[in-house]
Amino acid sequence: MKDYTSDSEQPWSAFRSDIRTVIISHGVTTIGAYAFKFSGVSKVEISDTVTSIGAVAFSQCQSLLELIVPINVTSIGQYAFDNGPLEFITILGDVKLERMVFNLALSLNTVNLLGKQVNFEDVDIFGACPLTSVGFGSKNVATAFNNYLT
C-alpha cells in the first residue's frame, strides 16, 4: 500500500469518515503512511503478509478501539495510532516501535507485547497513555519495557 505525505492525498479522503472496516488482504506487505488517518474505521483486519505499518497510518481514527497486529509486522511508524480512543492492542511478533506511536492515545490501557524482542525507538512511545495492563511474551521484552520506562 502506498505511502502518502498527508491525509488529503488518500484516494478515499472524500468519504474516509464513512469507512468502518479495513481488511488488508493477503499479499499486501505495507500499510502506508497516512493511509487511514481521520477515517471512521472501527475494525481492522491485517493479513499476516504485512510487515510494516507506516507513520500516522491510523492516527486520529476516533472509532478504533482495539487491534491485533500480526506476527510478521516488524515496524510500526511514528504517530501510527496517536490521538485516538484505542483501548487495547496486542502485537504478536518482534517489532520496532518508532517515536510517539501511541502518543495521546488517552484511552489505551492494555498493551500486549507478545514477541521475543521489542525495540523502543523513543521515550514518548506511550505519551499520556493510562496503561493499566501490559503483557509480555518474553523476559527480554519485559526488560526492554522496564528500561524504556526508566
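**Stop one: the core**

Start by selecting I53, F58, I76, F81, F102 and F126, the residues that touch the most other members of the 42-residue largest nonpolar core. A nonpolar core here is a set of buried Ala, Val, Leu, Ile, Met, Phe, Trp, Tyr and Cys residues joined through side-chain atoms within 4.5 Å; buried means under 20% relative accessible area, exposed over 50%, and partly exposed in between (1.4 Å probe, protein chains only). Several elements supply at least two residues each, among them β1 (21–24), β5 (66–69), β9 (110–113) and α1 (139–149). Which of them gives the most? That's α1, with 3 residues. Helices (H or I, at least four residues) and strands (E, at least two) are DSSP runs, numbered from the N terminus.

Before moving on, a word on what you're looking at. This is a predicted model, where local features need pLDDT of at least 70 and side-chain atom pairs count only at pLDDT 80 or more, while totals for chains, interfaces and linings use all residues. Residues are numbered from 1 along each chain as its sequence is written, and side-chain values use heavy atoms, with hydrogens and water left out.

**Stop two: around F58**

Now pick F58 and show what surrounds it. Leaving aside neighbours within four places in sequence, F58 is in contact (heavy atoms within 4.5 Å) with I31, F36, V41, V44, I53, L64, A80 and F81.

**Stop three: a cavity**

On a 1 Å grid over the protein atoms alone, a cavity is a set of points where a 1.4 Å probe fits but cannot get out, and lining residues have an atom within 4 Å of a point. The whole structure has 1 cavity of 30 Å³ or more.

**Stop four: salt bridges**

How many salt bridges are there? The count is 3, each a side-chain nitrogen of Lys or Arg within 4 Å of a carboxyl oxygen of Asp or Glu.

- Select R16 and D7, 3.2 Å apart, N to O; R16 is buried at 17%, and D7 is buried at 15%.
- Next, E45 and K43 pair at 3.1 Å; E45 is partly exposed at 34%, as is K43 at 43%.
- Finish with E98 and K96, at 3.7 Å; E98 is partly exposed at 23%, and K96 is partly exposed at 29%.

Note on methods: On a 1 Å grid over the protein atoms alone, a cavity is a set of points where a 1.4 Å probe fits but cannot get out, and a pocket is an open set with protein on both sides within 12 Å along at least five of seven lines; lining residues have an atom within 4 Å of a point. Grid points are joined across faces, edges and corners, and a volume is the space filled by probe spheres set on the points.
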